[in-house]
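This briefing describes a two-chain structure for a reader who works with coordinates. Please consult the display below alongside the text.

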Amino acid sequence: MGTTPRRLVLPPWLAGLLSLLVPGAGQILQGAAGRGVGLFLTLAGLAGLVFWQRVPLLLVPVGAVWLWGAWDAYRQGKGRAASTVVPFLLGALVVYTLGARATELRPQRLITNWPAVRPIVRALLRPELLAYPTEDRIGGVPFQVPCVEPLPEPEGRPTITPTLRTNVRCAAMGETITVEGEGFFPDFEVEIWWQNPIGDYQRILREGKPLVVRSDVRGHFQVAIEVPTTAVPLDRLPAPGQTQTHRVEARQHRPYGTLQPTETLRLVVAKIGETIALAFLATVLAVLFALPVSLLAARNLMGGHWSTRAMYYLVRTWLNVVRSVETLIWAIIFAVWVGLGPFAGTLALLLHSIAALGKLYSEAVEAIDPGPIEAVRATGASWAQVVVYAVWPQFAPSFLAFTLYRWDINVRMSTVIGLVSNAGLGFLIVQWIRLSRYNAMATSIIAIVLVVAALDYASALFRRRIIEGVPVPAEETIPVAELPPVWRRIWQGVPILLLAALLTGVPAALVLGRLGPMPRTAVALLLVAVVIAGWLCQVRRPVPRALAGGLVALPPVVAWLALQVTSGSPAVQATAVLASTIAGLAVVALVPVKALRRYWLPGVATLGFLVLFLWSWRLAEVDLAKLVAKAPQGVRTARAFLTPELVVRPTEAVTVSAVLPVPCGVGEPATVSSSGPQIVLSATCGNPGDPLVIRGLGLPPRTDVSVRWVRADGAFLRVKENCCRTDQRGNLEVETRIHPLLEIHPELGQTVPGRVEIAWKQAVGGLRAAPAVRVVFDLSLVTLLMALLATTLGSVVAIPVSFLAARNVMGRTVLGRATYQVTRTALNLWRSVEPLIQALIFASWVGFGPFAGVLGLGMWNIPNLAKLFSEAIEEIDTGPVEAVTATGATRLQTLVYAIVPQLIPGFLAFILYQWDISIRMSTVIGFVGGGGLGQQFLAWVGLDEYGKAATALWAIVAMVWGMDYVSARVRERVIAGAR
Amino acid sequence: MLQVEHLTKVFPGGVVALHDVSFTVEEGEFLAVIGLSGSGKSTLLRCINRLIEPTAGRIVWNGVDITAARGEELRRIRRQIGMVFQQFNLVKRSSVMTNVLSGRLGYAHPVLSLLHIFSPEDHARAMAALERVGIPDKAHVRADQLSGGQQQRVGIARALMQEPKLILADEPVASLDPVLAHSILQYLETLNRVDRITVICSLHFLDLVHRYATRVIGLKDGRLVFEGHPKELTRERFKEVYGEEAEMVTVGGQTLD
């Protein structure tokens with residue numbers, strides 16, 4: 001609190017009084033403008049929150065903060081400001097109380113609803129991995145529910161072997177019947193199942209657990225069961241007097257043979273492969289697009305001219321907007337365009353990745369040192385050479401690190417994108433939860449955890465290598481070696497000869513198989529000759545490792561590509577072989593014999609990379625033609641989501657009508673009013689089928705109106721489909737024939753004639769806020785509070801846990817090291833489960849709503865924060881610790897005086913970082929029932945209410961972007977303050 | 001021979017870095033450029049190889065108008081002019097060998113060089129250059145693992161790769177301690193006397209100027225205020241260049257006055 005130019009010296013009591021009247025006034029006038037404004041805004045915010053949630057009791061702490069403000073101004077007048085701890089705690093009390101209310105926090109549900117989630121938890125310990133194949137015996141018999149006279153023949157026939165019989169042919173729900181079976185496996189468990197008329201099966205239960213009967217040694221059993229009351233959905237119950245055919249089934253599944261992977265496991269493995277492939281494709285394509293975008297978003301490149309600077313701001317804004325919208329929301333938007341399926345999900349991943357990578361890459365570009373660029377330019381190098389020698393080596397480490405980071409995120413995202421796009425693992429999980437197949441769900445969750453954790457670990461290793469500074473592989477030049485004498489070259493060349501022959505031979509064989517014998521021999525001879533010639537002509541230039549590696553991979557890829565693109569005309573096959581041969585020749589010619597051992601890894605990697613890419617392309621069902629064909633739909637979607645519904649004009653329905661007696665003679669003829677909207681009929685009465693011209697005059701111009709026949713009892717029918725719109729003078733003319741609907745039958749007592757009516761919506765009153773705006777505002781606050789509570793929960797739990805995961809705290813003892821390893825591993829595994837999946841489970845536990853969202857997000861925050869915190873702990877400077885210990889302080893005192901102060905800035909920065917991410921996640925946690933904006937967005941899209949969905953979308957953008965900005969500023973302050 | 005005629009540079013924003021500077025440099029000279037920081041020394045050097053575009057004036061080198069050259073011709077001129085920088089300007093993450101080889105880019109194959117493929121002759125040149133500056137054993141070490149003096153020697157080796165006729169040195173020893181400063185300047189001196197490469201070198205410390213330079217020009221606020229032999233740089237002339245409050249200080253010795 002230094003002195004600022006405009007500082008008044010007020011008597012303390014006056015300052016206090018001013019702050020009592022207008023919060024912050026006293027502080028501002030005394031020169032602490034920031035403090036005063038902050039106080040005012042805080043009070044305004046708190047009061048706003050209290051009124052929003054309507055909890056008048058909380059005005060008490062708000063009032064206390066107000067009073068504190070006056071006290072603080074008074075104290076400041078005396079020279080010493082009051083401590084901010086009190087208002088901070090009071091404010092936190094208000095915010096958290098309201099937050100708990102807004103997010104419907106009901107911790108007691110965790111206990112009362114435990115039975116709902118117990119099967120899920122148990123299933124997590126018993127995933128469906130392996131099972132014995134089974135031989136089955138299934139017997140069934142139709143059954144009528146309820147009994148009626150006369151009982152019709154049932155649909156469906158009883159099975160012959162094994163047989164199943166019921167003691168009665170019909171019964172009412174809830175009645176007990178006896179089921180008897182013969183011809184089953186002897187001395188083996190029998191499951192009893194019930195099939196309802198729609199075809200859904202359910203297991204017969206006894207006392208809440210599935211009923212199990214055992215057959216005797218003759219394969220016979222008998223059991224009494226209750227006709228299940230939940231067999232038929234309420235809307236399909238039979239009408240009185242009707243009966244429906246159900247079916248009773250008895251099943252035996254006897255295992256034999258060896259354990260095999262269950263179908264679940266196979267499905268999960270296949271889907272995981274799909275997941276990784278989609279993430280891979282999205283990442284690779286995103287890199288391609290993000291590189292040029294990042295150049296446009298780099299200030300050091302774009303700062304020169306006003307036009308480029310404008311482009312820079314445009315691109316930066318676009319990047320921020322796209323990044324503010326979570327991938328899942330993009331997936332929904334894309335699904336509106338290209339339909340549900342993996343393609344929509346891939347597009348969403350791709351778009352979000354481009355924006356995220358574009359921003360990260362641009363920061364790397366901005367950090368490039370211009371010195372080496374200058375130096376290389378000064379040697380007379382061309383622009384391309386400058387990029388390769390001075391720009392790329394500086395950019396490459398960040399590029400690799402950021403790309404791997406994004407790859408990690410994409411793999412996680414890919415596991416949940418199925419929740420929305422109906423494809424992939426996420427979709428399976430949701431389906432399995434709905435079908436109560438918890439063991440299958442457990443298999444998929446465990447698979448996700450293991451795969452994500454493994455990939456995370458691998459990429460962390462790779463990233464560490466990059467940071468530690470292995471020189472970027474591409475540019476290692478290989479020193480010139482003397483060419484050995486010919487005989488030694490021949491000897492050393494044998495392995496490379498074999499390799500080249502293999503690489504060219506395998507694809508060639510695939511193709512050659514389709515050629516005739518003569519061409520086959522010729523091509524084979526040609527290949528051999530070429531390979532030997534190439535090897536003999538080895539160029540003496542050293543070749544960089546990656547280039548050589550890439551070349552090694554080229555022949556089979558070229559051949560495979562050619563085979564894919566075409567399907568078999570001999571000319572093309574020959575081309576494929578030729579291309580493959582040339583590639584093999586290049587390999588043999590350029591790869592120095594001695595260095596072959598170093599090239600196999602990059603070669604295999606390149607090969608694997610290309611194969612993975614092509615396979616992912618197929619899996620993602622990338623259909624560029626569909627994008628083009630549906631382009632108009634795309635434009636419409638874009639326009640729909642870009643126009644939020646903010647204001648509406650209330651409308652009311654207006655009608656003009658004319659009486660039309662059918663047939664003539666009944667009722668009053670039509671009267672025409674002289675001004676305003678009129679409807680004029682060409683006839684005053686008539687019979688059904690008579691021609692009629694309906695004219696509307698004086699109607700609002702260029703308005704959609706609906707023209708209808710209206711009967712006396714109110715039944716109405718549109719005169720014409722897709723009709724009608726008034727012209728620019730407000731006139732309308734419709735030719736039609738009188739509809740029989742208007743006919744009245746006096747003999748039946750009907751005396752009131754029907755009418756012809758023109759109706760339209762007229763705006764009354766001015767613009768006012770659309771109701772959607774209020775909903776979005778409410779939900780935005782809920783979303784923010786959800787993120788706040790989740791981050792708080794995560795931080796509080798993570799702090800103690802993080803000490804267990806810090807190597808320097810756990811020490812060198814066996815117990816310490818073991819605890820450290822266990823905690824670290826547990827945290828890594830826990831982190832691999834996306835918050836959406838965690839929230840899904842919590843939704844099953846405590847019910848849909850923001851509470852589930854808070855729990856899911858909070859649970860996910862814990863391992864993330866614990867990992868970050870533990871890294872901060874491991875980086876503590878031991879100097880101060882030593883110094884404090886040396887004074888004779890206890891361990892606890894050392895903790896408080898030497899360790900905690902070092903940790904606070906780091907912890908705060910991490911909490912803010914996680915808070916950012918939590919806000920993003922909280923916008924979509926509603927997709928699995930976690931409440932907040934996401935849920936409403938999904939609902940509106942489902943109802944085709946795109947205007948309202950757009951309102952929610954823009955609120956999300958504003959919220960995320962705003963919070964991003966605020967937390968970046970606060971983080972800067974925190975880090976700067978720590979220095 | 002290098003002729004600088006009425007060289008002027010005005011930066012956007014109005015800063016006049018050079019104003020009507022004219023001088024001549026004979027072949028084989030070791031020209032020192034002295035002046036306060038901000039007097040235009042770096043700008044002058046960079047105008048000579050057109051890393052900075054002069055606003056007005058002409059630079060003619062051996063009959064070729066550098067200021068009018070463009071594109072391919074400019075690159076061909078640049079590759080004959082080597083440059084050594086105060087901050088060394090090596091690509092930190094690349095190996096010493098790659099940094100040295102990048103000096104040959106103006107001569108190397110345009111496409112193959114993009115793939116880091118150089119001819120064996122270039123490789124031999126690079127090793128020879130490294131031997132000349134005394135660090136052949138560091139050829140495959142990452143550039144940022146080297147000490148300051150070693151990095152500057154790599155910078156010189158890089159310049160040597162161009163087989164230049166002229167070397168521009170922008171305060172090459174300002175970031176080095178006195179002993180290293182002398183050793184670096186000795187390399188430049190050898191190149192100047194033995195290889196007969198013209199050297200234009202901006203320096204701060206006058207004893208270095210006295211020891212190594214054959215001619216001196218002094219800049220003040222972008223204007224040429226001194227041109228002559230180092231011996232002519234008396235205390236009065238010194239104050240003309242550096243301003244009234246300046247004191248002569250030697251490197252590793254007593255004050256001159």
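The structure is a predicted model, in which local features need pLDDT of at least 70, side-chain atom pairs count only at pLDDT 80 or more, and totals for chains, interfaces and linings use all residues. Residues are numbered from 1 along each chain as its sequence is written, while chains are lettered from A and ligands numbered from 1 in the order in which they are written.

**Chains**

- Chain A comprises 33 helices and 21 strands; helices (H or I, at least four residues) and strands (E, at least two) are DSSP runs, numbered from the N terminus.
- Of the 979 residues of chain A, 37% are buried, a residue being buried if 20 or more other C-beta atoms, placed from the backbone, lie within 10 Å of its own, exposed if 12 or fewer, and partly exposed in between.
- In chain A, 74% of the contacts with a separation of 6 or more link residues 24 or more positions apart; two residues are in contact if their C-beta atoms, placed from the backbone, lie within 7 Å.
- Chain B comprises eight helices and ten strands, and 46% of its 257 residues are buried.
- The corresponding share of contacts between residues 24 or more positions apart, among those with a separation of 6 or more, is 66% in chain B.
- The radius of gyration of chain B is 18 Å, which agrees with the value near 18 Å for a compact globule of 257 residues; the radius is taken over C-alpha atoms, and the globule rule is 2.2 Å times the number of residues to the power 0.38.
- Along the principal axes, the C-alpha atoms of chain B fill a box of roughly 55 × 45 × 35 Å.

**Where the chains meet**

- Contacts between the chains involve 31 residues of chain A and 32 residues of chain B.
- On the side of chain A that touches chain B, α13 and α14 of chain A each supply at least two residues, and the largest share, eight residues, comes from α14(A).

- Helix α13 of chain A spans residues 370-378, and its buried residues are A:Pro372, A:Ala375, A:Val376, A:Arg377 and A:Ala378.
- These buried residues pack against α14 (383-416) of chain A and against α2 (71-78) and β6 (81-84) of chain B.
- B:Arg75 lies in helix α2 of chain B and counts as partly exposed because it has 19 C-beta neighbours inside 10 Å.
- Beyond its neighbours within four places in sequence, B:Arg75 is in contact with A:Gly380, A:Ser382 and B:Gly106.

**Nonpolar cores**

- The largest nonpolar core has 147 residues, and those with the most contacts inside it are A:Ala331, A:Ile332 and A:Phe334; such a core is a set of buried Ala, Val, Leu, Ile, Met, Phe, Trp, Tyr and Cys residues joined through C-beta atoms within 7 Å.
- Helix α12 (residues 342-366) of chain A gives the largest share of this core, 14 residues.
- Another core, of 82 residues, lies apart from it and includes B:Ile66, B:Leu176, B:Leu191 and B:Cys201.

**Strand pairing in chain A**

- Strands β3 (residues 163-166) and β4 (residues 176-182) of chain A run antiparallel and are joined by four bridges; two strands pair if DSSP finds at least two bridges between them.
- A:Thr163 has A:Glu182 of β4(A) as its bridge partner.
- β4(A) also pairs in the antiparallel sense with strand β10 (residues 221-226) of chain A, over six bridges, and A:Glu180 has A:Gln222 of β10(A) as its bridge partner.
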